[in-house]
Amino acid sequence: MENSELAIIVLNLIIVLVAYLSVYPKLAGSSFNKISLYDVLASGLALGIVGLQFWGTGYEFNLLIIKVNWFWYTLVTYGVVEIPVMLWYFKKNKV
């Protein structure tokens, strides 16, 4: 794993943890619609930050068996990082 790939995973992890441990409990509670809206904003933030760095560079990221661009790498890794945290939050808050 290269430094750029690890940096994106760490960025996604930080955004997901801040969202689910701080922002969502205060602003969304157990409202699925509010969580969904704020999650679109959180994932958009991750895509925006990574896009500022890699847009137009042609840099390819290794996503297990295929090479993808920054957009798909960020989106897929965000989902992989988010799903366990989301399931924990939904169970804890009975969403």
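**Terms and values**

Analyst: The buried residues of α1 are Glu-5, Ile-8, Leu-11, Asn-12, Ile-15, Val-16, Ala-19, Tyr-20 and Tyr-24. This is a predicted model: local features need pLDDT of at least 70, side-chain atom pairs count only at pLDDT 80 or more, and totals for chains, interfaces and linings use all residues. Residues are numbered from 1 along each chain as its sequence is written, and side-chain values use heavy atoms, with hydrogens and water left out.

User: Where is the kink in α1 centred?

Analyst: On Ala-19, with a kink of about 40°. The bend is the angle between axes fitted to the seven residues ending at a residue and the seven starting there.

User: Why is Leu-64 called exposed?

Analyst: Buried means under 20% relative accessible area, exposed over 50%, and partly exposed in between (1.4 Å probe, protein chains only). Leu-64 has 78%, so it counts as exposed. Leu-64 sits in the loop between β1 and β2 (66–68). Its phi is positive, about 60°, although it is not a glycine. Most residues other than glycine have a negative phi.

User: What makes Lys-94 exposed?

Analyst: Its relative accessibility is 72%, so Lys-94 is exposed too. Lys-94 lies in the segment after α3, with a positive phi of about 50°.

User: Which residues touch the most other members of the largest nonpolar core?

Analyst: Tyr-20, Tyr-24, Ile-35 and Phe-61, out of 24 residues. α1, α2, β1 and α3 each give two or more residues to this core. A nonpolar core is a set of buried Ala, Val, Leu, Ile, Met, Phe, Trp, Tyr and Cys residues joined through side-chain atoms within 4.5 Å.

User: What does Tyr-24 contact beyond its neighbours within four places in sequence?

Analyst: Contact means heavy atoms within 4.5 Å. The partners of Tyr-24 include Gly-29, Ile-35, Tyr-38 and Tyr-89.

Technical notes
Helix = DSSP H or I, 4+ residues; strand = E, 2+ residues; numbered from the N terminus.
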